[in-house]
Amino acid sequence: MAYDKDNIFARILRGEIPATKVYEDDHVLAFEDIAHLAPVHVLVIPKGEYVSWDDFAATGTDAEIAAYVRAIGAIARGQGVAESGYRVVSNCGPHANQEVAHLHAHIFGGRQFGGVRPRDSN
Ligand code: AMP
């Protein structure tokens, strides 16, 4: 899939749409999700034009990937959830219902999420 320069996160990166920023470095921007699903709900995006996790993993530079992973850890610590725990989710493509076609990772924290598998399933 070609990168759409007018996707909403590209517009946030260009400052055309407001966002509540929580972290920024040379490669990464993080901001509050507009519709929190948890007390802590931050979106972390690379500044480069990557459609998805798949695109980034295949074509991101080592420096960008290292910066992205380290930033997610630093942001979680900065949000005060490193000790209590948190969940990192990146929806990739149609089966994951990825809504915005610029790679983003959700950091969810501040409450109990349970396991990925319902407790009563086999
Ligand atoms: P996903 O379904 O993983 O693609 O998640 C997209 C996320 O982007 C959702 O959680 C939305 O609430 C969030 N979102 C959409 N527009 C904005 C915006 N302008 N500012 C912050 N978060 C947004």
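Reader: Where is glutamine 98 found?

Author: This is a predicted model. In it, glutamine 98 belongs to the loop between β4 (86-89) and β5.

Reader: Which backbone atoms does the side chain of glutamine 98 reach?

Author: There are two to look at. The backbone nitrogen of glycine 93 is reached at 2.9 Å, and the backbone oxygen of valine 100 is also reached at 2.9 Å.

Reader: How do I find where empty space is left?

Author: The general idea is to roll a probe the size of a water molecule over the atoms, which shows where empty space is left. In this structure, the largest pocket holds about 430 Å³ of space. It is lined by 22 residues, and those closest to its centre are Phe9, Asp33, Ile34, Leu43 and Val100.

Reader: Which elements give two or more residues to the lining of the largest pocket?

Author: They are α1 (8-13), β2 (28-32), β3 (40-46) and β5 (105-109). Of the elements, α1 gives the most to this lining, with three residues.

Reader: How do the residues of the lining of the largest pocket divide into nonpolar, polar and charged?

Author: The lining of the largest pocket has 13 nonpolar residues, six polar ones and three charged ones.

Reader: What is the volume of the second largest pocket, and which residues line it?

Author: The volume of the second largest pocket is about 170 Å³. Its lining includes Met1, Val51, Ser52, Asp54 and Asp55. Gly93, Gln98 and Val100 are also among the residues that line it, and these three take part in the contacts described for glutamine 98. By class, the lining of the second largest pocket comprises six nonpolar, three polar and three charged residues.

Reader: Where does the ligand sit?

Author: The ligand sits in the largest pocket. The most comes from α1, with three residues.

Reader: Which residues come nearest to the ligand?

Author: There are 16 residues around the ligand, and Asp33, Asn91, Glu99, His104 and His106 come nearest. As for classes, the shell around the ligand divides into eight nonpolar, five polar and three charged residues.

Reader: How much of the ligand does the protein bury?

Author: Compare the ligand alone with the ligand in place. Taken alone, the ligand exposes 510 Å², and the protein buries 85% of that.

Key: Residues are numbered from 1 along each chain as its sequence is written. This is a predicted model: local features need pLDDT of at least 70, side-chain atom pairs count only at pLDDT 80 or more; totals for chains, interfaces and linings use all residues. Side-chain values use heavy atoms; hydrogens and water are left out. On a 1 Å grid over the protein atoms alone, a cavity is a set of points where a 1.4 Å probe fits but cannot get out, and a pocket is an open set with protein on both sides within 12 Å along at least five of seven lines; lining residues have an atom within 4 Å of a point. Grid points are joined across faces, edges and corners, and a volume is the space filled by probe spheres set on the points. Helices (H or I, at least four residues) and strands (E, at least two) are DSSP runs, numbered from the N terminus. Ala, Val, Leu, Ile, Met, Phe, Trp, Tyr, Cys and Pro count as nonpolar, Asp, Glu, Lys and Arg as charged, and the others, Gly among them, as polar. A residue is near a molecule or strand if one of its heavy atoms lies within 4 Å of it. Accessible areas come from the Shrake-Rupley method with a 1.4 Å probe; for residues, only the protein chains shown count as cover. A molecule sits in a cavity or pocket if more than half of its atoms lie within 2 Å of its grid points. A polar contact is a pair of N or O atoms within 3.5 Å; within protein, one must be able to donate a hydrogen and the other to accept it, and residues adjacent in sequence count only if both atoms are side-chain atoms.
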